[in-house]
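Here are my notes on the model you sent over.

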Amino acid sequence: TVALLSLIALLNFGQACIDKATYYEIDRDIEILASSINREEELVHFYGGIVRLAAHDFMDFDQNSDVSMGMDGCIDWNHEVNKGLETIWCNSCALTKLYRRKYSYISKADFWVISANAVVRQLSKNQSLDLVNSFLWGRKDADSCQGSGDRIPLGTGTCRDVEDTMLEAMGLEWRDAVALLGAHTIGKGHTSFSGHNGYWMPTVADSLRFDKQYYEELILRTWRARNSGTVLEDFTASTEETHEHPQMMLKSDVCILYNSDVRYPCCSKTNRFRNGSNQCDVDEILSNKKCRRYRRNDT
C-alpha cells in the first residue's frame, strides 16, 4: 500500500526515457537539498511539501470525466486547496531550480513523482522503502488544468467528499484511500496556508519518519472537535504536557474511522479517562457525544 504514491501516479504516459541512474541521481539531489536545511520545522515543510505537490497533481484524476487529468505536472495555483505549494515550486524554490538546472528534459510530472518517492525512501526505516521498481516513466505535462482544484477535497470536507474523490473519481478502494491519507505522517498544517494549525504527529521528529504512527495516533489517541461551527472545523488531541506543538487531524483523516459529519461536533473516545476525568470534558457537549463509525454511502 505504501507504493501507492507511485502506482496511482501512472497516468498520461509519453515523455523522455528515465533510467535507474537518473532516478537515483534525482533522489540524491533531493537528499542534498534536505541536508542544507538546518531547522527541523523547515525540513518537515520541505519534505511534506514535495509529497503534497505530487499528491495534489494526481488526486484530480477522474475516471468518469472526458477530461481525466491526473499526473500531468499541472497545478491549479489559484485554488485554495493548493495554498502553500507555491513555497515548494516557484522560481526561487530549491526544488524548481534543481529541475530547471538538471532535469528539464523530463516532464515535471515524472520529476515530481520521483521526488516524492525519494522523500518516502529517505524518511522510511533504514531508508529501505525504495519504490524504484514500481516507477514507470513517460507522463506528459499539461499546459492547463483549470478546475482541477475543485476535484481535490479540502481538509474541511465531509466524509462523503473523501469517498467521492478517492473511490468514485480516482477508482480506489477504501484500503487504498487509507494508505494514501497516511502520507500525512509527513508534514504539518499551516495557519497561513490551509488555516489548520498543527502537526499530525506528537513531535516534529515524528513528522520526519515515514511509518505507521499516523494510524496509531488516530486509533489510540482521543480526538475532540476544534473550531466547531467554522470553516476550519478539525480535530485536536486532548491537551497533554508531552506535546511540543498542537496535534491535529483533519476531518478527512478522522473519516478513516469516524463519521465526522453526523452528530458533529463529537469526540472519538468519550469513555477515555486521564487522571480520573474525561479527556473531552473541556467541552460539555463533547463529553457526551461520541463519534460513530463511518460506513460507505453514509449521508
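1. A contact here means heavy atoms within 4.5 Å. Keep in mind that this is a predicted model. Taking contacts in the chain between residues at least 6 apart in sequence, 69% join residues at least 24 apart.

2. On the overall make-up: the chain has nine helices and seven strands. Of its 299 residues, 56% count as buried. The accessible surface comes to about 13700 Å², and carbon and sulfur atoms own 48% of that.

3. The buried residues in helix 2 are Thr22, Tyr23, Ile26, Asp27, Asp29, Ile30, Leu33 and Ala34. They cover an arc of only 160° around the axis, so they share one side of helix 2. As a reminder, an α-helix has 3.6 residues a turn, so residues three or four places apart point the same way.

4. What do the buried residues of helix 2 pack against? Their partners are helix 3 (40–58), helix 4 (94–103) and helix 5 (108–123). Over on the other side of helix 2, Ala21, Ile32 and Ser35 are exposed.

5. Three strands make an open sheet in the order 3-4-5, with antiparallel pairing. Strand 3 and strand 5 are at the edges with a single partner strand each, so one side of each has no neighbour in the sheet. Strand 3 (residues 223–226) pairs with strand 4 over four bridges, while two bridges join strand 4 to strand 5 (residues 248–249).

6. Strand 4 (residues 234–237) deserves a residue-by-residue look. Asp234 and Thr236 point one way and Phe235 and Ala237 the other, yet all are buried. Thr236 is the bridge partner of Arg224, and Thr236 also stands opposite Met248 in strand 5.

7. How many disulfides does a search of the whole structure find? It turns up three. One of them joins Cys74 and Cys145, with the sulfur atoms 2.2 Å apart. The torsion about that S-S bond is about -85°, so the disulfide of Cys74 and Cys145 is left-handed. Cys74 is in the loop between helix 3 and helix 4, and Cys145 in the loop between helix 5 and helix 6 (159–169), so this pair ties together parts 71 residues apart in sequence. Both Cys74 and Cys145 are buried.

8. Cys90 and Cys93 form another disulfide, with their sulfur atoms 2.0 Å apart. This link is right-handed, with 100° about the S-S bond. Cys93 has a relative accessible area of 6%, and the cut-off for buried is under 20%, so Cys93 is buried.

9. Then there is the disulfide of Cys266 and Cys291, with sulfur atoms 2.0 Å apart. Its S-S torsion is about 95°, so the Cys266 and Cys291 link is right-handed. The pair links distant parts of the chain, 25 residues apart: Cys266 is in the loop between helix 9 (251–254) and strand 6 (273–274), and Cys291 in the segment after strand 7 (277–278). Cys266 and Cys291 are both buried.

Methods: Residues numbered from 1 in each chain as written. Predicted model: local features only at pLDDT ≥ 70, side-chain atom pairs only at ≥ 80, totals over all residues. Heavy atoms only, no water. Buried < 20%, exposed > 50% of the residue type's maximum accessible area, 1.4 Å probe, protein only. Pairing = 2+ DSSP bridges. Areas by Shrake-Rupley, 256 points an atom, 1.4 Å probe, with all protein chains shown as cover. Arc of directions from axis to C-beta. Disulfide = S-S within 2.5 Å.
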